[in-house]
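The plan is to look things up one by one and jot down what turns up.

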Amino acid sequence: LGTGRDANIPGQWIAGKTGTAQIFDVKKYAYTKVNTSFIALLKNRRGIYYIIYAVIRIPKIEEASGGKLAAPLVRNIAKKVLEIIK
């Protein structure tokens, strides 16, 4: 399950990839901020696939990562999608 484990939905097929990208600050000449992301491939019971992608730009917390911030967001969206398409 790796770093995307927070996107897991028990009994549901879902695959994903986390991302954390540094943002270069020209004024400080350093990488001081990040964007975090998670992209998921969700398969429903009929065999139809959905792609869900979430990006959190410049999160306010210090220990930001795609697995901790964007993956749970994608999980919540995926649950809603599955409820709607029943």
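**Strands**

Before counting anything, I noted the rule that two strands pair if DSSP finds at least two bridges between them. Helices (H or I, at least four residues) and strands (E, at least two) are DSSP runs, numbered from the N terminus. I also wrote down that this is a predicted model, where local features need pLDDT of at least 70, side-chain atom pairs count only at pLDDT 80 or more, and totals for chains, interfaces and linings use all residues. Residues are numbered from 1 along each chain as its sequence is written, and side-chain values use heavy atoms, with hydrogens and water left out.

With that settled, I looked up the elements and found one helix and three strands. Along the sequence they come in the pattern β-β-β-α.

How many bridges join β1 to β2? I got twelve, and the two strands run antiparallel. To see the pairing for myself, I picked Gly19 and found it opposite Ser37 in β2. Thr18 stands opposite Phe38 in β2.

Next I checked the turns. β1 and β2 make a hairpin with four residues between them, and Tyr29 in that turn has a positive phi of about 50°. The hairpin of β2 and β3 has five residues between its strands, and here Gly47 has a positive phi of about 85°.

**Aromatic rings**

My rule for rings: those of Phe, Tyr and Trp (its six-membered ring) pair if their centres lie within 6.5 Å; planes under 30 degrees apart count as stacked, over 60 as edge-to-face and the rest as tilted. Searching the whole structure gave me three aromatic pairs.

Why is the pair of Trp13 and Tyr49 called edge-to-face? The planes of the two rings sit at 85°, so it is edge-to-face, and the centres are 5.7 Å apart. I liked that this pair links distant parts of the chain: Trp13 is in the segment before β1 (14-25), Tyr49 is in strand β3, and they are 36 residues apart.

I looked up exposure as well (buried means under 20% relative accessible area, exposed over 50%, partly exposed in between, with a 1.4 Å probe and protein chains only). Trp13 has 43%, so I noted it as partly exposed. Tyr49 is partly exposed too, at 44%.

Another pair I found is Phe24 with Tyr29, edge-to-face, with 5.3 Å between centres and 80° between planes. Phe24 comes out as partly exposed at 36%, whereas Tyr29 is exposed at 67%. Ring pairs link Phe24, Tyr29 and Tyr31 into a cluster.

**A nonpolar patch**

Patches are made of residues with over 30% relative accessible area and no salt bridge: like charges are joined within 9 Å, nonpolar side chains (Val, Leu, Ile, Met, Phe, Trp, Tyr) within 5 Å. Accessible areas come from the Shrake-Rupley method with a 1.4 Å probe; for residues, only the protein chains shown count as cover.

I found a nonpolar surface patch made of Trp13, Ile39, Leu41, Tyr49, Ile51, Tyr53 and Val55, with about 710 Å² of accessible area together. The elements giving two or more residues to this patch are β2 (30-43) and β3 (49-57). Which element gives the most? That is β3, with four residues.

**A salt bridge**

I searched for salt bridges (a side-chain nitrogen of Lys or Arg within 4 Å of a carboxyl oxygen of Asp or Glu). The structure holds one, and it joins the side chains of Lys68 and Asp6 at 3.6 Å, N to O. Lys68 lies in helix α1 and Asp6 in the segment before β1, so the bridge ties together parts 62 residues apart in sequence. Lys68 is exposed, with 53%, while Asp6 is partly exposed at 24%.

**The chain overall**

Then I stepped back. The C-alpha trace spans about 50 × 20 × 15 Å along its principal axes. Of the 86 residues, 30% are buried. The accessible surface comes to about 6200 Å², with 55% of it belonging to carbon and sulfur atoms.

Lys60 is exposed, at 83%. From Trp13, Lys60 is 47 residues away in sequence and 31 Å away in space, C-alpha to C-alpha.
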